[in-house]
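Dear colleague,

My notes on what was found in it follow after that.

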Amino acid sequence: MLLYILKRVGQGLISIVGASIVIFFVSRLSGDPIVLLLPTEAPPAVVEQVRRDMGLAEPLWRQYLIFAGNALTGDFGNSYRWQAPALSLVLDRLPATIYLALAALLFSILLSVPFGVLSAVYRGSWIDTLGKGFAMLGQAMPNFWVGLLLILVLAIGFNLLPAYGYGTPAHIIMPAIALGWYPVAAQTRIVRSAMLDVLDSDYIRMGRAVGASERVLIWKYALRNAAIPLVTILGVYFAAMLGGAFVVETIFAWPGVGRTVVEAVFSRDFPVVQAGVLLTSILFVTSNLLVDLSYGLIDPRIRYDR
Amino acid sequence: MLLEVRDLKKHFPVGSGLLRASGAVRAVDGVSFSVDVGETFALVGESGCGKTTIARMVLMLERPTAGAILFDGKDLAGMSGAGLKAYRRQVQAVFQDPYASLNPRLRVRTIIAEPILAHERSGRAALRRRVEEVLDVVGLPAAAADLFPHEFSGGQRQRIAIARALAVNPRCIVLDEPISALDVSIRAQVLNLLADIQERFRLTYLIIAHDLALVEHFSTRVGVMYLGNMVEAGPTDAVFDRPRHPYTQALLASVPRPDPDHQPPLDAIRGEIASAMAPPSGCKFHPRCPRAIDRCAVEVPAWRSLGRDHAGACHLAEGA
Amino acid sequence: MSQPLLRVENLRTHLFLKRGVVKAVDGVNLHVDAGETLGLVGESGSGKSMTSLSILRLLPRQSGRIVEGHIWVDGVDLASLSEEEMARDWRGRRVSMVSQDPMTSLNPVFTVGDQVGAPFRYHGLAHGARAVREAAVKVLRRVRIPSPEKRLDDYPHQFSGGMRQRVVAAMAIACAPRLLIADEPTSNLDVTIQVQMIALFRELQRDSGLGIILITHDLGVAASICQRVAVMYAGRIVEVGDVRTIYRSPAHPYTQALLNAIPHLGQRRRRLHAIAGQPPSLIDPPVGCRFAARCSRRTAQCDAEYPPEVELASGHKVACWRPGPEAA
Amino acid sequence: MARLRGRGLPWLSMLMLAIVIVAAIGGEALAPHDPNGLDLGAAFRPPAWAEKGSWAYPLGTDNLGRDILSRIIAGARVSVVSALYAIVFAGSIGGLIGMISGYFGGIVDAVIMRLVDIQLSIPALALALVIAAVFGADFGTVIVVIIVTYWTWYARIVRGEILSLKEREYVALAKVAGCGTGTIFFRHLLPNIMNTLLVLSTLQVGQVIIFEASLSFLGLGIQAPDVSWGLMLSDARNYLTNAWWAITMPGIAIMLTCLSANMVGDWLRDTLDPKRRQL
Amino acid sequence: QSAPARGSLTVAFAAEPTVMDPLKYSAGVDHYFMGQMFEQLVRPDPTLRSVNWLAESWKVIEDNGKPIIDIHIRKGVKFHNGDPLTSADFEFTFSKLRDPKISRWSHLQASVERFEIVDDHHFRLHFKEGDGSYISGQLQLWAVPKAYYERVGEEGFAKAPVGTGPWKFVSRVVKDELKLEAFDDYWNKEHRPTVKNLTIKIIPEDLTRVAAFKTGAVDWVDAVPLAMVEEFKKMPGVKTVSVVSGNNLFLDFNTDQPNSPFRDVRVRQAAAHAIDVNAIIKSVLFGQGERYVEVGKGGIGYDPELKPYPFDPKKARELLRQAGHPNGFETPCYNLTTPREPNVKEVGEAMFAYLTAAGIRCKVQGLEYGAWINLMRRGRNGPPEMDGVISMMWSQNLPGDPGTAWAGHLHSFVPGKGWGSYSFAQDAEADAMVEQLKLTMDPQKRDELARKIARYKHEKVLGGLTTYRPMITLAWRDAKVDFKPWPYPGYWRGFQEIGLKQ
Ligand SMILES: Nc1ncnc2c1ncn2[C@@H]1O[C@H](COP(=O)(O)OP(=O)(O)OP(=O)(O)O)[C@@H](O)[C@H]1O
Ligand SMILES: Nc1ncnc2c1ncn2[C@@H]1O[C@H](COP(=O)(O)OP(=O)(O)OP(=O)(O)O)[C@@H](O)[C@H]1O
Ligand SMILES: [Mg+2]
Ligand SMILES: [Mg+2]
């Protein structure tokens, strides 16, 4: 178990370092931040000095090492635009993004598990078709469109839910739907096919053969098995939610990292971009690790010594 | 000796990647035997005892951890290039699952021609002739060449697999449970076919099976394996008539017979096969052995002769 | 003779598939008395499993349906019951099953205790967690699981193959059913574990008046457990009789061919008698005798009409136009 | 009794896709108006069937008086072409890498899988943003971004497939027959993952279209004068309440195309390989 | 009137500044928050007339031919932390603003030679030479508390800014909200807010912001989307005001590259004739824009005589022919796609479409904000080069003075001197006049010179083709909110006077 954790943490670290290299070099490609930092009228001497002060005069690989070294101590530098350390700018917003991503994931699970189960149980019936259709709709509509339509109907039309903001549970509903609908189809499909396999399995038939009611069989015995493949890739879906948050946060004025990073990209505010992307990477890697570990709770066959 | 296996070992490491965990599955743990030209050597034993692993090593699909395999006196380990090619020509295989052993996307013609094409440049016509020839040997019409595997029944597929093995005129065929997946009524067809072919082409068979009646019927020599080790080997008659190792005895006693009046005793053997990762000390069979003595738990029994060409590894089976 | 435990009359079970209607069971009659083991043998696809699933009404939901026939158990026709009645009063309670692959018959993500205790909960035979636990321990002890109270909280993968199998048997007999259907309970097992299962079955049968249907394609296994044997071919029973009659003096050419096609321990290097050809398709089976195409005694009549069942001796019935001993 | 109805060919979806492809090929030539031809006098015409609509502009016009139908037709090209590029390049690159990784295993596999992990751990849209910011937002960048984002998808799935395929007995038998690695790759492995690739590709059409729309929404997608559905959607949101059709029509185009592609993908999956129900 | 403020109010902005520190501000949007908390010496009143604010009085005097601005500041003004406002605070501001490492606008202080404190409420700015834009820039200096700033440092000040304005900083969540509280000790008892707590929410997405207002989550909303202005005006219980914003949009042409077709004035005039700006304002902007020629109405140099080039595509084509392009020519056209002003992207598309129709065939390339700035800003170390037409904008403030704008994009580029930092023009005569304008402090003379430049610029279509000034519409719930719009330099989102109705 410990070995396994160490190994996974090691792999995670490699991913994070890799991500930091990618994001560092790609962002450096986009030009000289000095242009954005100093007034055009700044004398060349000042420009040179600032350049040196910021370490931009070093060769790129050294810059990266310096960057990585500082990042290890939690120092991503100051935002070029906002007078604040890039890390704190992003960290302050991370909880909102995590909250949104989790809520969206929860929404998708709450939808896809019953859909998946019912459409497997009533395979080929109208329930199957309806569930599939509804789930697929989410995959066929850009999330910002969904978001706008939700605001138009639920907020402006019926004044049921707050249109924007952060705070009460009511606030999360529309953003979570807009963001969480997309993976419903894929998740439903996973649950459905797993459920089909499980329902065909010998142990379910055995359950029937000793008199279990369908309700108990499906919702107690089959569901846990069918959930395993879903749980396995929840980490990936969580990442998808983090990515999608970039768009949805803008629509709902959600105070998350996504909007911050998007605007930082526009203004070439690399410390913030780097901190933002790296933090999301760390989040992703951690969530994957957690999923892998918690997986054992659901599937007792998993042993972490392999 | 056509095929000689000397102290062959195969250990599969458990765990891989960054941090190599200790521990290994000792799938084959020091096995020796030899097969003569024209012989049918059968490997029997319980599931997981390492039969398939041996077959895969003989087929060079797996590299031995230790030990040597000699074919025609040449060590496989040293083979490469032309030597390897020559070897591949001489040893072919038929596997258990007739569904999995034929690529579903290829026509029968391509499947059968594959080993030929891998070895020689032959003209279209010659190739065609050869394919039809071997199809005829296994009793399938020439028209079968243009169909896909899924258009055949299990027994027919196994015939195709045999035809493919015959295509390059091998000297030896490794048969890993060639009929276990087939229906009772079909088995005899395939088995008879294999026997006919052997006679006709003077083939050597290394066959793996778990149906003891079949082994007795089909093989000339037999090796009994338990948990990665050979426990007894010898001519089929000797082993089946006078089994010397308690495991062989138990195995034979346990087989249910298609005769209501001659049924096996129900207490010939107890317990279950141990894990290949942590095999018992001494004689690996001792925890289940009805006749085990103290020594069995500590000392690995040596491989000793038990009669003409008959040998085994048991402390209690002293002398002939 | 008193009423048998199970009587199946003219059972027809069809599978409605895209490629056609598979007449998996096509007019099967059989009966099992209390305390008796009936062996159902025959080759793959002959409808053995479908017969047993029909009895329990556990056919594939999408495609399987009993189209005709009666299944009387203790005087009740199971074919006419509702799904709820079946689950509540019959399955596990009076008719139970060990299915084709007992190794996979345990749910890997629930504890053994949960699964063995389940039948007691379903049928209200034990109330409360503790009572269920105790009942589970008792039945596990019956199938010879060592120190069962310690193993209840283990998961199936922590059990060895043979033990898993006994756990499945424990589930099946938990509520003391009258009839147990065992569908190839030994097929995927090693010889040494197979004998342990055989022992268990014999014991169950001796201890309670349980009626058993044992499905197998292994004539050896059938011979070692059954009192009577029914031979199935292409959806129908072609011969049924006392175990000794079937093995010593089979009257149907198929039964005879089957016995000749297998090697027997102790007889070597004699050519086996292969049965030529393949079984017919069950989508549109021949009108006449279904074995006719592969039969050495075939006549024109065999092709024209399905042979009626004849009783050669008491309890020995054959469906063949020319039954009788093998032509030497 | 046909309890189990056959899974018929999804005609409607195929038809829809065919229409989209025709539109993409025909492009401007098929469009009744110049997709970029603005006519401020004709701004905000509702669709033909609505009050004040006219058949000159069957789906209405946008804020600059451009014909929405023509723009949807012209925009089909971006959708189809980007999907095509993504599928061809991401599919072949990712597929090949996945095959190599799965087949050779060991250190090659470990390195490739780490690369995949790295790619996965950077949110796709974030990477897209940075790339688009570096190289400028245009069609080429969108395609590069899509390829960079999606190759891992193919690589992971193909790798998994190969891992199980290479254990198939016929692969072992091919080795026994004396076949070289090349033969095994191209005769035994590649044809057997084609189904998977095909299914993945159809499913990807929808993903690419949505992804492009998201990029456009953030201002980093296709730029005028190119037209894409995502761009139309994103532009039209400024007058959502005045001209519902301007955002609805391209939205429906996206939706129908994605739905159709997914349906066809699902159908292919079920048809080609009923066992592999899960992707 | 001077009853204590009470109650709370939530308003929604579409955009948000990055900084709240007057020493560090860079873009116009930074005024949105700064202007609530900080004040300058002079400011426009609601009718856009400049009035003395923190300055009690000021005048320009001359010493040895060099100008001096002599300023008396108001007594009794307090910072939010209780410190009194003194001349030292302005000196502090001055010293920071002129440092290019701190300020983005150091060049605006470049002509000031030194700062002389006469006493606590009296100081003088000694100029090296005249600087007219200093005066039109509301005397440039903000009141920043020296002692407090030095104590808490730059970062501390960024977290908790302190000014003299009507609103006291409470808290801020970037990209979410700013919370303010009315300052009880505010010096201006007449013009001050009467609501106690003010929360400014940031909601960039139009529909969401509108939804927030319609659902009652906010009671005052900034930047009503153009397409909804009509609807808002008709909405019962809602009051709106539409005002012209300080921004000025124009199309700029590259005229400093020798091979650029736009070096020919006829080509530029052709472009001016080719575009139907009025139609664009009407449909693309839903009427929410004001046509202007060089200088907006009421600004310094505003000349009602100056008329825009009429829309005349025939003439445009004719001019092109004369310039040697009978078949027109192809040129890159750069469009800003980030919505800095409502519908700028669509406006750009429309304009380029008009140009194309007339023969100046645009190869349109969209740029998001970062790329756009990168392309325009001179003084880079090399390419990219703006080599065609670009859609541009430059604030001339309210009330307007084009001095700074022209220095930036009409004067040709001179590295390190603050001239032409965004310019693609190269015209010696214009350069001379712009330099002259900079030196001119006398309002009368300044106005005359500006008119002259405007006429010259217009004739030659130099430093861009001026098009329109966007209008913004603010809306609030009339029954609840008592609001009088006040601008601070260039922007209308000032809450100088806002309160709750009964
Ligand atoms: N590639 C592998 N990696 C790890 N362990 C393996 C591998 N192949 C086989 N083993 C293990 O080696 C042991 C021997 O396996 P092998 O397949 O040779 O047995 P077998 O005798 O052929 O059994 P069966 O009768 O079930 O086919 C088993 O414990 C198996 O789990
Ligand atoms: N789930 C199913 N879907 C479709 N056809 C089926 C299904 N199960 C069984 N069949 C078909 O029904 C027929 C009878 O099958 P059944 O399982 O009863 O045979 P069996 O005698 O039990 O064979 P085996 O020995 O292989 O278990 C066969 O033709 C089989 O192909
Ligand atoms: Mg094996
Ligand atoms: Mg069966």
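Predicted model: local features only at pLDDT ≥ 70, side-chain atom pairs only at ≥ 80, totals over all residues.

With 328 residues, a compact globule would have a radius of gyration near 20 Å, and because chain C has 21 Å, the two agree. The C-alpha trace of chain C spans about 65 × 50 × 45 Å along its principal axes, and its secondary structure consists of eleven helices and twelve strands. Of the 328 residues in chain C, 60% are buried, and among its contacts with a separation of 6 or more, 64% are between residues 24 or more positions apart. The accessible surface of chain C amounts to about 12700 Å², with 50% of it belonging to carbon and sulfur atoms. As for charge, chain C carries 41 positive and 32 negative side chains, and the centres of these two sets are 4 Å apart.

Chain D is built from nine helices and zero strands, and its C-alpha trace spans about 75 × 60 × 30 Å along the principal axes. Buried residues account for 61% of its 279 residues, while 70% of the contacts in chain D with a separation of 6 or more join residues 24 or more positions apart. Chain D exposes about 10300 Å², of which carbon and sulfur atoms supply 66%. There are 20 positive and 18 negative side chains in chain D, and the centres of the two sets lie 11 Å apart.

An unreviewed UniProt entry places the feature "transmembrane region" on chain D at residues 12-31, 84-112, 124-150, 170-190, 197-223 and 243-268. I looked at two of these spans in the model. Residues 84-112 of chain D are 97% helix and 0% strand, with the end C-alpha atoms 25 Å apart, whereas residues 243-268 of chain D are 96% helix and 0% strand, with the end C-alpha atoms 38 Å apart.

Two backbone positions deserve a careful look, given that most residues other than glycine have a negative phi. Phe44(D), which is not a glycine, has a positive phi of about 55°, and it is found in the loop between α1 (11-26) and α2 (68-104) of chain D. Ala253(A), also not a glycine, has a positive phi of about 50°; Ala253(A) lies in the loop between α12 (234-251) and α13 (257-266) of chain A, and it counts as buried because its relative accessibility is 1%.

Two further residues sit in helices. Thr248(B) belongs to helix α9 (residues 246-254) of chain B and is buried, with a relative accessible area of 3%. Leaving aside residues up to four places away in sequence, Thr248(B) touches Val224(B), Val231(B), Glu232(B), Val239(B) and Pro243(B). Ala158(E) is in helix α4 (residues 146-159) of chain E, and at 17% relative accessibility Ala158(E) counts as buried, the cut-off for that term being under 20% relative accessible area. Ala158(E) and Lys24(E) are 134 residues apart in sequence, yet their C-alpha atoms are 9.5 Å apart in space.

Key. Residues numbered from 1 in each chain as written. Chains lettered and ligands numbered in written order. Heavy atoms only, no water. UniProt positions renumbered as here; feature names shortened; annotations may be inferred. Helix = DSSP H or I, 4+ residues; strand = E, 2+ residues; numbered from the N terminus. Rg over C-alpha atoms; globule rule 2.2 N^0.38 Å. Buried < 20%, exposed > 50% of the residue type's maximum accessible area, 1.4 Å probe, protein only. Contact = heavy atoms within 4.5 Å. Areas by Shrake-Rupley, 256 points an atom, 1.4 Å probe, with all protein chains shown as cover. Lys, Arg positive; Asp, Glu negative; His and termini not counted. Charge placed at Lys NZ, Arg CZ, Asp CG, Glu CD.
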